[in-house]
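Keep the structure open beside the text as you read.

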Amino acid sequence: MLADLTTLRVGGPSARLLTATTTDELVEHATAAWEDDAWLVLGGGSNLLVADDGFDGTVVLVRTRGVEHETDADGVTVRVAAGEPWDAFVATTVEHGWTGLEALSGIPGTVGAAPVQNIGAYGVELSDVLTRIEFLDAATGERAWVPAAELALGYRTSTLKHGRRGVVLTVEFRLGTVSEAGVPVRYAQLAGSLGVDLGSSVAPETVRSEVLRLRGSKGMVLDAEDHDTWSAGSFFTNPIVSAGFAETLPAEAPRWPAGDDVKLSAAWLIERSGVHRGYAVPGSRAAISSKHTLALTNRGGATAAQVAELARYVQVTVLNRFGVSLVPEPVVVGDLLA
């Protein structure tokens, strides 16, 4: 069952499951999967909602491992196999004194999935340090390195998420090395919890420890005993609207510049529309997290249909209250949110 391979713990079986433990095996399995009409590449399953009837196709499970690095006078270049668990890799960078990823601690999933969403947290995005990916193109069968500049990396998006079909094999980063001053903190909440001014430099191990604490307080660090972490993380992206539309919202609505547009807080919109932490549709085992409004959780025994029902309820409630359409962040497999 794919429920066993996803952090939401919902989803039926796949028609075929192929596990790749080396990069060459990943190429082989992916190429074989493309012979089917339907195929899916699965890493940590942390950003995935699979229908209860499963997936009628081939699933390629990425379990490759390996971290290589080259250090020079200006920093370090790190190449990582797609199947490496993301947070374990971040821990490795901190242990080695490599800087740039410590604020992304605690995010579930694998390294290969990180560029797809251009993951980000606490003022840092993957695009800040990503240099290129090794990619197997489903359209051409070509295996080649693709520069980050060609991935159209944006807020929780990339060409890998929209249009470019294939498999990420390896990810390359350009990281810094620890100076005596540490690394600057770019996010107000993190600076406040650390007791420093925004922009102050803090040791990366201290940043990582505090980020893990903050994420844990929101149920965003995986814990098998905590149903608040049986989720896909933030289920909705923060909406980006025109500046004119933003002016129609209550003055207290949080907002941030996003180019010529404005980014809103999805969590604020959900809470102010009347959907509170812990809310569940009557009779459902899916519920809003008791710790964070953006997380839709499995309280044990939930179905994918129940998660989808809750998601639609949140979307309709926010749309009716504020006129804002919330966009789901997870990849949805099956006809669940149409």
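## The largest cavity

The largest cavity has a volume of about 50 Å³. A cavity here is a set of points, on a 1 Å grid over the protein atoms alone, where a 1.4 Å probe fits but cannot get out; grid points are joined across faces, edges and corners, and a volume is the space filled by probe spheres set on the points. By this rule, the count comes to one cavity of 30 Å³ or more. The model is a predicted one, in which local features need pLDDT of at least 70 and side-chain atom pairs count only at pLDDT 80 or more, while totals for chains, interfaces and linings use all residues. Residues are numbered from 1 along each chain as its sequence is written, and side-chain values use heavy atoms, with hydrogens and water left out.

Which residues line the largest cavity? They are Thr 7, Ser 46, Pro 108, Gly 219, Met 220, Leu 222, Thr 229, Ser 231, Ala 232 and Gly 233, where a lining residue has an atom within 4 Å of a point. By class, this lining has four nonpolar, six polar and no charged residues. In this scheme Ala, Val, Leu, Ile, Met, Phe, Trp, Tyr, Cys and Pro count as nonpolar, Asp, Glu, Lys and Arg as charged, and the others, Gly among them, as polar.

Thr 7 lies in the segment before strand E1 (14–20); helices (H or I, at least four residues) and strands (E, at least two) are DSSP runs, numbered from the N terminus. Thr 7 counts as buried because its relative accessibility is 11%, the classes being buried under 20% relative accessible area, exposed over 50% and partly exposed in between (1.4 Å probe, protein chains only). A polar atom of the Thr 7 side chain lies 2.6 Å from the backbone oxygen of Ser 231. Leaving aside neighbours within four places in sequence, Thr 7 is in contact (heavy atoms within 4.5 Å) with Gly 44, Gly 45, Ser 46, Leu 222, Thr 229, Trp 230, Ser 231 and Ala 232.

Thr 7 also turns up in the second largest pocket, where 19 residues form the lining and Thr 7, Gly 44, Pro 108, Gly 109 and Leu 222 lie nearest the centre. A pocket is an open set of points with protein on both sides within 12 Å along at least five of seven lines. The volume of the second largest pocket is about 310 Å³, and its lining divides into nine nonpolar, six polar and four charged residues.

## Two nonpolar cores

A nonpolar core is a set of buried Ala, Val, Leu, Ile, Met, Phe, Trp, Tyr and Cys residues joined through side-chain atoms within 4.5 Å. The largest has 38 residues, and Trp 86, Ile 133 and Phe 173 touch the most other members. Two or more residues each come from E6, H2, strand E10 (130–137), E12, helix H4 (188–194) and H5. E12 gives the largest share of this core, four residues. Apart from it lies another core, of 36 residues, among them Phe 235, Ala 246, Leu 269 and Val 281.

In helix H2 (residues 86–96), the buried residues are Trp 86, Phe 89, Val 90, Ala 91, Thr 93 and Val 94. Their cover includes strand E5 (67–72), strand E6 (75–81), strand E7 (98–99), H3, strand E12 (166–177) and helix H5 (204–217). After H2 comes Gly 97, with a positive phi near 80 degrees.

## Helix H3

Pro 115 is in helix H3 and counts as buried because its relative accessibility is 0%. Leaving aside neighbours within four places in sequence, Pro 115 is in contact with Leu 126, Leu 130, Ile 133, Leu 153, Ser 158, Leu 160 and Val 171.

Gln 117 is also in H3 (residues 114–117), and is buried, with a relative accessible area of 6%. What does the side chain of Gln 117 make a polar contact with? The partner is the side chain of Lys 161, at 2.9 Å. A polar contact is a pair of N or O atoms within 3.5 Å; within protein, one must be able to donate a hydrogen and the other to accept it, and residues adjacent in sequence count only if both atoms are side-chain atoms.

## Positive phi in two loops

Most residues other than glycine have a negative phi. Tyr 122, in the loop between strand E8 (120–121) and strand E9 (124–125), has a positive phi of about 50 degrees. Ala 152, in the loop between strand E11 (143–147) and E12, has a positive phi near 50 degrees.
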